[in-house]
Amino acid sequence: MTTRLPLLIATGLLALGAHAALASGSSAPFEQYQPDPTLKSASKANLEGRVRHACAVVQARMTSAPEASLERPCGCYAKQTMRSLDESELEAYRVTGYFNDTARAKALSALDACKLQRPV
């Protein structure tokens, strides 16, 4: 669980900006982060599920809403984000555990489209 939490938070930062890290465009905060090795072989559906969960965790913290209440908007966000990624962005996510700059921009657009809060 402790291995998944940083991944979920990182994904959430991107997805939910998935925090300031997403919006900032810099991957510097993640330089020492070690991604979950199962990302490399995870199915796209599994990756989408991880992004959805990270979204719910981060949005719940940002809005003080229960995670369960964010299931639908975070599902929207995860689907839109994952469908918008090209193969190189998806591969970068698998290797690093977070979205690169171009994927981050797509994630931010998905946040807006799904009416989720952007990180500050």
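Colleague: What share of the contacts in the protein chain, between residues at least 6 apart in sequence, joins residues at least 24 apart?

Modeller: That share is 68% in this predicted model.

Colleague: Which elements of secondary structure does the protein chain have?

Modeller: There are six helices and zero strands, and the pattern along the sequence reads α-α-α-α-α-α. Of the 120 residues, 44% count as buried.

Colleague: Why is E89 called buried?

Modeller: Buried requires under 20% relative accessible area. E89 has 2% relative accessibility and therefore counts as buried. This residue belongs to helix α5, residues 87-96.

Colleague: What makes the pairing of the E89 and T102 side chains a polar contact?

Modeller: The cut-off for a pair of N or O atoms is 3.5 Å, and the side chains of E89 and T102 are joined at 2.6 Å. Leaving aside residues up to four places away in sequence, E89 also touches others, among them S84, N100 and K106.

Colleague: How do you know that α4 and α6 meet, and which residues take part?

Modeller: Y77, Q80, T81 and S84 of α4 are in contact with K106, A107, A110, L111 and A113 of α6. By class, five of these residues are nonpolar, three polar and one charged. The axes of α4 (residues 71-84) and α6 (residues 101-113) lie 9 Å apart, at an angle of about 150°, and the crossing is right-handed.

Notes: Residues numbered from 1 in each chain as written. Predicted model: local features only at pLDDT ≥ 70, side-chain atom pairs only at ≥ 80, totals over all residues. Heavy atoms only, no water. Helix = DSSP H or I, 4+ residues; strand = E, 2+ residues; numbered from the N terminus. Buried < 20%, exposed > 50% of the residue type's maximum accessible area, 1.4 Å probe, protein only. Contact = heavy atoms within 4.5 Å. Polar contact = N/O pair within 3.5 Å; in protein donor to acceptor, adjacent residues only side chain to side chain. Axes fitted to C-alpha atoms, helices over the stretch in contact; angles between N-to-C directions. Left-handed = near helix turned anticlockwise from the far one by under 90°. Nonpolar A, V, L, I, M, F, W, Y, C, P; charged D, E, K, R; others polar.
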